Amino acid sequence: MPEANKVIAYGRTAEILQYGNGQVLKLFRIGIPMNTVQEEFRISSMVYHQGIPSPQPIQMINLNDRAGIIYQECLGTTLLNMISKKPWLVFRASKKMAKIHLDIHKVSIELPSQKESLKSRIHEAPILTREEKHQIIDYIDRLKGENKLCHGDFHPDNIILGEAEWIIDWMTGMSGHPAGDAARTLLLFKFGTLPEEAPKFVVFLISLLRRLMLRTYIRTYIKNSTISLNEIEQWILPVAAARLCESIPQKEKDELVKLIRSQLLVS
């Protein structure tokens, strides 16, 4: 078995380590359920075999009582890192991001249901009342569904630019409506926080560029698809409610709850 050595990336759920020749190990943090790891391996395998430019999942392993997945190594730099080093490329990068997302949404696939995933997470969402949860779940049932490939967490740190344009981290991959997937990206641009390990300069710079990135991404996405901004905004309510289950700072949760309650007043 190859030796896992230096950590090359951090995330809230896992670390990425160099692992032998041409491979990396996604080593999940203690407490991540084994069925979550198994589901990521299954979804990632299906996405890879659909021809989506994503790292091939090779094997699940256990290392020092932590579950892990060995992946094909994707050489390059993340879109987020590129923008932080070359902010003048923000327009080009945001347009590229939108076009990659559109290509993903062309694929029909049978994965976990977007609507059912949202409902499950909303049931467990903290802060919201039982009545608010019921209102949001009823609202989801009225939204139009589809079976297109959705990433579920599409943002600049999950795109690697190198010899190819790789899309990574398919833990939340699902079948659903592209507008819901785009709504998640819109929400991350507006409210999302970067990992705690991110350098302060990167956090500061990305915060300044975020509004510009969002505007360019949305304009490009809408211009090149049949989906309107109104359709995307219709998904903001359930996507925001589902995000409350995630390990995000309390400040972000408070902002999301404020948004959710304002949306419930008009839904």
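Tutor: Ile159 stands opposite Ile167 in β9. This is a predicted model, in which local features need pLDDT of at least 70, side-chain atom pairs count only at pLDDT 80 or more, and totals for chains, interfaces and linings use all residues. Residues are numbered from 1 along each chain as its sequence is written, and side-chain values use heavy atoms, with hydrogens and water left out.

Student: What makes β6 and β9 stand at the edges?

Tutor: The open sheet has the order β6-β8-β9. β6 (76-78) and β9 (165-167) each have a single partner strand, so one side of each is left without a neighbour in the sheet.

Student: Why is Ser84 called buried?

Tutor: Buried means under 20% relative accessible area, exposed over 50%, and partly exposed in between (1.4 Å probe, protein chains only). Ser84 has a relative accessible area of 7%, so Ser84 is buried. Ser84 lies in helix α2 (residues 79-85).

Student: What does the side chain of Ser84 reach?

Tutor: The side chain of Ser84 reaches the backbone oxygen of Asn81 at 2.7 Å.

Student: Which values describe the packing of helix α9 and helix α10?

Tutor: Helix α9 (residues 236-243) and helix α10 (residues 250-264) pack at an angle of about 145°, their axes being 9 Å apart.

Key. Axes fitted to C-alpha atoms, helices over the stretch in contact; angles between N-to-C directions. Helix = DSSP H or I, 4+ residues; strand = E, 2+ residues; numbered from the N terminus. Polar contact = N/O pair within 3.5 Å; in protein donor to acceptor, adjacent residues only side chain to side chain. Pairing = 2+ DSSP bridges.
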